[in-house]
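Hi everyone, thanks for coming. Today I'd like to walk you through one structure, and I'll keep it short.

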Amino acid sequence: MERSRINRIMAEAAELIGKAGFHLPPFAHWSPGEFRTRATPAIREGRLGWDITDYGQGDFDRLGLFLFTLRNGRLADLQAGRGMVYAEKLLISQENQISPMHTHVIKTEDIINRWGATLAIRLCGSDAQGRMDRNAPCRVDCDGIPREIAPGGVLRLSPGESVTLRPGDWHEFWAEGGPVLIGEVSTVNDDLTDNIFAAPIGRFANVVEDEAPLHLLVSDYDSDVA
């Protein structure tokens with residue numbers, strides 16, 4: 001993805017988030033220079049901040065997602081069973097923009113339609129080895145109510161509705177009827193190792209530096225850009 005496109009997506013996302021009545025934390029507004037001097041280990045190591053991906057496929061409008069990590073705990077706390085064992089994100093899915101089929105090994109997450117149109121989630125269960133099983137139903141909780149979704153079935157969430165997804169619940173999602181602002185509340189998040197995709201794709205975009213960054217991406221934190 002060109003950095004210029006990423007910059008435009010950031011500006012458009014900030015406008016939509018504000019329209020929905022949400023406010024990003026102060027570090028969201030730091031320039032790259034401010035980030036380099038002010039970012040704490042909690043921000044860098046927790047990979048808090050802007051995250052825009054086309055999954056390395058070069059077609060963001062068809063296969064992509066906007067994310068902003070607001071807070072994130074430590075895996076050591078999760079393993080100990082106490083401390084900051086949680087994470088929270090805001091996501092934006094555009095109409096018919098797919099976030100591709102994947103699951104997590106560790107993370108349990110609530111996916112919440114915070115604002116906008118309808119959020120559609122396709123679900124599949126796992127086999128005994130944790131691989132996606134297109135013949136297995138997916139058993140989830142929707143706002144505390146158990147649901148069994150047929151293999152490959154689509155769950156649709158209106159604003160205010162949510163679903164709890166556990167490790168082994170394979171899922172892909174998109175917006176129907178317009179953009180959706182999505183909340184994700186989860187156990188500790190590790191986007192470097194805990195995303196298992198059904199197809200051989202990457203988690204992050206390959207960035208072409210055609211202009212200076214408006215804000216740094218979490219994927220910039222380990223690069224020369226940061």
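I'll begin with the overall fold, then move to the aromatic residues, the nonpolar cores and one tyrosine.

A quick word on the ground rules. This is a predicted model, in which local features need pLDDT of at least 70 and side-chain atom pairs count only at pLDDT 80 or more, while totals for chains, interfaces and linings use all residues. Residues are numbered from 1 along each chain as its sequence is written, and side-chain values use heavy atoms, with hydrogens and water left out.

So, the overall picture. The chain has four helices and 12 strands; these are DSSP runs, helices being H or I with at least four residues and strands E with at least two, numbered from the N terminus. The C-alpha trace spans about 50 × 45 × 35 Å along its principal axes. The radius of gyration is 17 Å, close to the 17 Å from the globule rule for 226 residues, so the chain is as compact as a globular protein of that length. That radius is taken over C-alpha atoms, and the rule is 2.2 Å times the number of residues to the power 0.38. Buried residues make up 50% of the 226, where buried means under 20% relative accessible area, exposed over 50%, and partly exposed in between, with a 1.4 Å probe and protein chains only. Of the contacts with a separation of 6 or more, 74% are between residues 24 or more positions apart; contact here means heavy atoms within 4.5 Å.

Now to the rings. How many aromatic pairs does the structure hold? There are seven, counting rings of Phe, Tyr and Trp (its six-membered ring) with centres within 6.5 Å; planes under 30 degrees apart are stacked, over 60 edge-to-face, and the rest tilted. Take F27 and F68, which are stacked at 5.8 Å centre to centre, with 20° between the planes. This pair links distant parts of the chain, with F27 in the loop between α1 (3–19) and α2 (32–38) and F68 in strand β2 (residues 65–72), 41 residues apart. F27 is buried at 13% relative accessible area, and F68 is buried at 0%.

F68 has another partner, W50: the ring centres are 5.1 Å apart and the planes at 85°, so this pair is edge-to-face. W50 lies in strand β1 (residues 49–53) and F68 in β2, so the pair ties together parts 18 residues apart in sequence. Step back, and ring pairs link F27, W30, F35, W50, F66, F68 and Y221 into a cluster.

On to the cores: a nonpolar core is a set of buried Ala, Val, Leu, Ile, Met, Phe, Trp, Tyr and Cys residues joined through side-chain atoms within 4.5 Å. The largest has 31 residues, and L24, W50, I52, F66 and F68 touch the most other members. Two or more residues come from each of α1, β1, β2 and β3 (86–93), and α1 gives the most, with six. A second, separate core of 23 residues includes L65, I121, V140 and I149.

Last stop: Y86, in strand β3. Is Y86 buried or partly exposed? Y86 is partly exposed, at 42% relative accessible area. Beyond its neighbours within four places in sequence, Y86 has contacts including R71, N72 and S186. Y86 and K107 are 21 residues apart in sequence and 9.5 Å apart in space, C-alpha to C-alpha.

That's my tour, and I'm happy to take questions.
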